[in-house]
Amino acid sequence: MRNERIGDYLVSQGLITEEQLQKVLATQKESNGAKKFGDVVVELGFMTEINFTKALAGKLRVQYVDLDNTDINTDAVQKVPEALARKHTVIAIAITGKRLTVATNDPVNFIVLEDIKVSTGMDTVPVLATTSAINKAIGKCYSMQNVDSVLEGVTAMASDLGGTMDEDANERVESAPIVKLATTIVENSFRADATDIHIEPFDKYTRIRIRVNGDLVELMNISAAVHSALTTRFKLISGMNIAEKRIPQDGRFTQVVDGTTLDVRVSSLPMVHGEKIVIRILSTGQIALRKITDLGMSDYNYQLFESMLRVPHGVILVTGPTGSGKTTTLYAALGEIAKPNVNVVTVEDPVEKAIDGINQCQVNQKAGMTFAAALRSILRQDPDIVMIGEMRDTETADIGIRAAITGHLVLSTLHTNDAASTVVRLVDMGVAPYMVATSLIGVIAQRLVKVLCPNCKRARMSTDEENELMGIPSSIQIYEPVGCPNCNNTGYRGRTAIHEIIHCTAKVSAIIAAGGGKEEIEAAAKANGTKLLRDNASELVQAGETSIDELVRSTFSV
C-alpha cells in the first residue's frame, strides 16, 4: 500500500479517472521529469492544489495543514534561516519541547529534513501544506523582519542628505534603500491581500495606507525627506516622465511576489506637499479565472444567471459602484461562454486581465481609440460575443444595444445603484425604450460585503430594529465582529458578493417599452421572484456570514 504510486492511489480513490492519469503521465514525460506529478495534475485542471495536497497527505499518512488559517509561531519561524526556507520551500510553524514542526510540500524528502535538523539542532516533524501557501507564509513571516531594516536604511539615507532630496533625486533613486522600500511596500501589500496602495505626502511625514477588504489600513509612515525619491522610483519603473511633476500621470509595471507575477497600475497626482501615488495591484493571468460558481451567488441567483448566459443574443448588464467586482463577474461569464467555436472580442479601459483565447482591445483616448470607435470596428470583425468595459456615453450605449438587436451577445457594465434603475438610466442616456425592451436579457446589480472572521465572531440576539432591516418577524441569533490576530483585528476576513438579478421576461419588457419607471419594473421583477440586494444581504446575516453593519453599509437607502 505504501509503495502504491500516487496516480494509482488517486484513481482508486475516485479523485481522477484512468484516462486523466494517462494524460498527466504523458505530459510529465514530455517535460522530461522537470515537472512533479502534482504540479501537472493541478496545471491540467483535474484537481485543485488543495485537494491534491489533502489526497497526498492521506496516502502518506502525514497531517495536512491549512497555513492560511493556522497561527504560525514567530519563534519557530526564526529557527530556520530565510535562505534555507526559500531553497527547500519549507516553513517552521511550531515548537514543542525539542521538536520543530515544519510545513513542507515534500514530506518524504529526508535530505531537506536533515538539513533543517543540522541547522536548528532540533528534531523535525513534517506536516504537509500546499506550495503556494508555504511561499505566501514565507513572504509574510520573514518580510516583517525585513521591513524594519529597510526603514532604518531609508531613514539613515534621509539624514545623510540633510532632509533635501529633490536635487539628487535622480541619482539617489537607484540607491539600494529606496529600491528596497518600493519593492517591500508592494510585497507586503500583496501579502496582506490589499487591492490598492496610497502613498500620501504631508508636511512632516509621508503616510502609506493599503486598502484591504474595502477599508484603508495604515501600513507605515516614513520621513517626508524620502517622499520625492520614492515617488520618482515608482514613476521610473512604471514608465512615467520623472521630470514632469505638475500634471497627473499613469503608468504600469510588473513585479514577482512569492512566485506570482503582479500587474501593477500606478497613478500620480500633484498635491500641496508633493505627488500622491496610488497603486492598484492586479493579479495576472497566472491566477485562474473565477468560475461563475465561485462568485458567491445563492443557488437561486446562480440558476437565473446561468439561464441568462444561454440566450444567444441580447444585452446582459452588470451594475454597481466602483470596486464592487463587476469586471470579475463579467470575466467569469466570458470564461463560461467563450468556447473554441465562437469569436469573443472585448473593449476595455484598461484591459484588467489577459485571458487566453479572447481578443482584448485597449481603449486609447489620445489616439482617438474611444469605446465607440473601437465598437464600430469590432462589429466588422465578425464577433459572436462582445464585451464592453463600460457604457459611459449615449454613443457607446446605442451601438451596444444595436449590436445586440443585430444578433450579437453583448456584456457590459453601468454605474447604477440597483438593477431596476439601470433600465431607466439607459433610457435617460437616449436609447429608445422599445430598443431597450427588445434587446435586454437581464441586469445583475452587485455589491461586495465583508465576511466575518470565523475565529472571533460573537453571537447575540437581534434587536427589533434589526429584525425590521432584515425583514423577519422575530429575533434570531446573529453575529458581530470582534477582532483577533487572524483577521488583523478587523473582525472580518475576505469578502463575498451579493446580487440582485432582474430577468427581462415578457411582462418586464412590456413595462420598459411603455416607458415605465423604476418602481414599476421593480414590482414586476419581485413578482417574478427577484430577490433584492437587501434580501440577499439579510440571508447572509441570518446565516452568520456577515454582520448587520455590513447589511446597512451595502444596501441602506433612504
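Hi everyone. Three elements, α12 (299-309), β10 (314-319) and α13 (326-337), each supply at least two residues to the lining of the largest cavity. Please keep in mind that this is a predicted model.

Let's stay with that cavity for a moment. How many cavities of 30 Å³ or more are there? The count comes to one, and the largest cavity has a volume of about 30 Å³. Which element gives the most to its lining? That is α13, with three residues. If you want to find the spot on screen, look for Phe305, Leu309, Ile316, Val318, Thr329, Leu330, Ala333, Leu411 and Ile444, which line the largest cavity. Eight of the lining residues are nonpolar, one is polar and none is charged.

Now, β10 also takes us to the sheet. Seven strands form an open sheet with mixed pairing, and the order is β12-β11-β13-β14-β10-β15-β18. At the edges sit β12 (359-362) and β18 (492-503), each pairing on one side only. On average, neighbouring strands of this sheet are turned by 20° against each other, ignoring direction.

As a reminder, strands of a sheet pair through backbone hydrogen bonds, either parallel or antiparallel. So which sense do we get for β10 and β14? Strand β14 (residues 409-414) pairs with β10 in the parallel sense, over six bridges. Gly314, for instance, has Leu409 in β14 as its bridge partner.

Finally, two helices. Helix α14 (residues 371-378) packs on the sheet and touches β11 (344-348), β12 and β13 (385-388); its direction makes about 170° with that of β11. Helix α15 (residues 394-405) lies across β10, β13 and β14, running at about 135° to β10.

Technical notes:
Residues numbered from 1 in each chain as written. Predicted model: local features only at pLDDT ≥ 70, side-chain atom pairs only at ≥ 80, totals over all residues. Heavy atoms only, no water. 1 Å grid on protein atoms, 1.4 Å probe; cavity = no way out; pocket = protein on both sides within 12 Å on 5 of 7 lines; lining within 4 Å. Points joined across faces, edges and corners; volume = space filled by probe spheres on them. Helix = DSSP H or I, 4+ residues; strand = E, 2+ residues; numbered from the N terminus. Nonpolar A, V, L, I, M, F, W, Y, C, P; charged D, E, K, R; others polar. Pairing = 2+ DSSP bridges. Axes fitted to C-alpha atoms, helices over the stretch in contact; angles between N-to-C directions. Contact = heavy atoms within 4.5 Å.
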